[in-house]
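Student: Before we look at any one feature, could you show me how helix packing, sheets and chain contacts are to be read?

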Amino acid sequence: MKYTDEFRDPARARQLLDQISRRMASPVLQARLPIRIMEVCGGHTHSIFRYGLEALLPDGLELIHGPGCPVCVLPRERVDDCLAIAAHPDVIITTFGDAMRVPGSRQSLQQMRAEGADIRMVYSPLDALQVARNNPGKRVVFFGLGFETTMPGTALTLQQARAEGLSNFFLLCHHITIVPTLRALLDDEDVCVDAFIGPGHVSMVIGLEPYRFIAEQYRKPFIIAGFEPLDILQSILMLLNQLADGRADVENQYTRVVRPDGNRRAQQAVAEVFELRERFAWRGLGEIERSGVRLRPAYAEFDAEQVFRLPVNPVADPEDCRCGEVLKGQLQPRQCPLFGTACTPSQPLGALMVSSEGACAACYQYQRTDVQ
Amino acid sequence: MCLGVPAEIIAIEDSESQTATVEVSGVRRRVSLACVLAEGAEPELLVGKWVLVHVGFAMSLIDTDEAHRTLALLAELESLAEDDGSTGG
């Protein structure tokens with residue numbers, strides 16, 4: 001078993017789509033059309049566009065592409081922070097490839113690198129640590145971002161740096177946490193979502209319990225889902241079953257990877273290194289309480305926010321960008337006036353066009369060749 | 001960056017630092033096992049197992065039995081569809 005091909009079988013996908021259509025015919029569901037399902041995670045958004053799943057779903061079933069792409073919700077002023085640090089001649093900035101192309105208020109990290117700044121793409125925070133070991137005369141800053149999936153890796157890397165006594169390694173921390181943002185979306189009157197496809201890999205770390213309130217308080221079905229086409233289709237069927245039966249539960253479709261308690265060792269590392277911020281800014285969504293983490297005081301010596309002087313100028317999104325509305329599911333990517341014209345993956349204006357996990361970039365990449 | 005991939009553990013690189021070599025679609029890469037290794041467990045026991053890898057860290061041991069169970073559940077849909085067909089839907 002390769003754990004990928006088996007979950008891409010077209011014949012099985014057709015059977016699932018048949019079942020989904022049958023389910024949609026139930027009078028309970030027909031009475032409340034459209035059924036709007038939000039996939040929280042950018043990884044799901046990518047799969048949905050890559051496999052063209054949206055076009056295969058029956059009428060009356062809508063997918064809303066949620067806020068779970070860390071690059072897409074990265075505010076421009078945060079990129080400016082990176083650029084300000086990169087301007088120091090003794091600094092090497094390291095970060096994930098996706099973060100390199102996010103536009104700041106004037107330029108992106110990639111553009112600044114082209115002008116000669118030492119900015120390097122890494123696959124893992126451990127690679128950034130190796131850059132620090134190899135360059136003792138430089139200050140190496142890892143720009144760490146992502147949800148609970150990437151947070152443990154950053155935490156373990158910081159623990160390693162401290163154990164080795166490295167004094168030239170720093171973290172600019174932009175790790176965020178998804179659950180407060182889901183609550184903010186549920187409390188937003190503009191957002192109409194009937195059910196959620198839950199983030200499989202975040203859940204692999206945090207487990208099922210943190211989502212319980214979505215089912216219990218907000219009465220929305222929530223299925224933790226894998227990322228292959230059959231995973232997603234099966235999850236949609238499970239959500240429709242819940243809606244048709246009048247149930248709202250947290251269920252786990254991705255049992256091969258997600259344990260009910262999540263990953264305890266990862267949780268421990270995160271808890272030892274990070275603490276919650278009172279509030280944190282999300283691009284397109286504004287400030288959300290307790291939605292970001294920072295380094296604990298015990299790790300202050302590694303904290304780039306304390307070691308470097310950072311600019312304090314919040315930057316508004318470009319006026320015509322409708323990223324916030326797309327993030328909330330009020331607008332489809334193609335309905336943005338800039339989509340595919342002023343804003344493209346090679347020259348993104350809005351962050352949703354930057355990462356392959358962003359709704360706009362995924363839509364641009366895969367739907368231009370749509371045969372339908 | 002959040003796209004996790006299933007990978008097979010090919011060899012233990014360094015037991016002390018808990019690193020292993022994994023293979024993803026023919027590409028080999030070094031990952032940390034720190035998040036999937038139980039306290040005091042021998043890393044060698046994980047060789048041949050599949051893990052879900054994120055940014056250089058194995059984050060979950062993939063449960064083969066559960067994977068088969070999910071596929072078996074999907075296979076049941078086929079017989080379900082056939083049953084429906086024979087009774088005219």
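This is a predicted model: local features need pLDDT of at least 70, side-chain atom pairs count only at pLDDT 80 or more; totals for chains, interfaces and linings use all residues.

Tutor: Residues are numbered from 1 along each chain as its sequence is written, while chains are lettered from A and ligands numbered from 1 in the order in which they are written.

Student: At what angle do the axes of helix 1 and helix 13 of chain A cross?

Tutor: Axes are lines fitted to C-alpha atoms, for helices over the stretch in contact, and angles run from 0 to 180 degrees between N-to-C directions. Helices (H or I, at least four residues) and strands (E, at least two) are DSSP runs, numbered from the N terminus. Here the axes of helix 1 (residues 10–24) and helix 13 (residues 229–245) of chain A cross at roughly 15° and come within 10 Å. The two helices of chain A are therefore roughly parallel, a term for angles under 35 degrees.

Student: Which strands stand at the edges of the sheet in chain A?

Tutor: Two strands pair if DSSP finds at least two bridges between them. The open sheet of chain A has 4 strands in the order 4-3-5-6, with parallel pairing. Strand 4 (119–121) and strand 6 (169–175) of chain A each have a single partner strand, so one side of each lacks a neighbour in the sheet. Strands 5 and 6 of chain A pair over 7 bridges, with A:C173 as the bridge partner of A:G144.

Student: How many residues of chain B are in contact with chain A?

Tutor: Contact requires C-beta atoms, placed from the backbone, within 7 Å. By that criterion, 27 residues of chain B are in contact with 39 residues of chain A, and helix 1 of chain B gives the most to the chain B side, with 9 residues.

How values were computed: Angles under 35 degrees count as roughly parallel, over 145 as roughly antiparallel, 65 to 115 as roughly perpendicular and the rest as oblique. Two residues are in contact if their C-beta atoms, placed from the backbone, lie within 7 Å.
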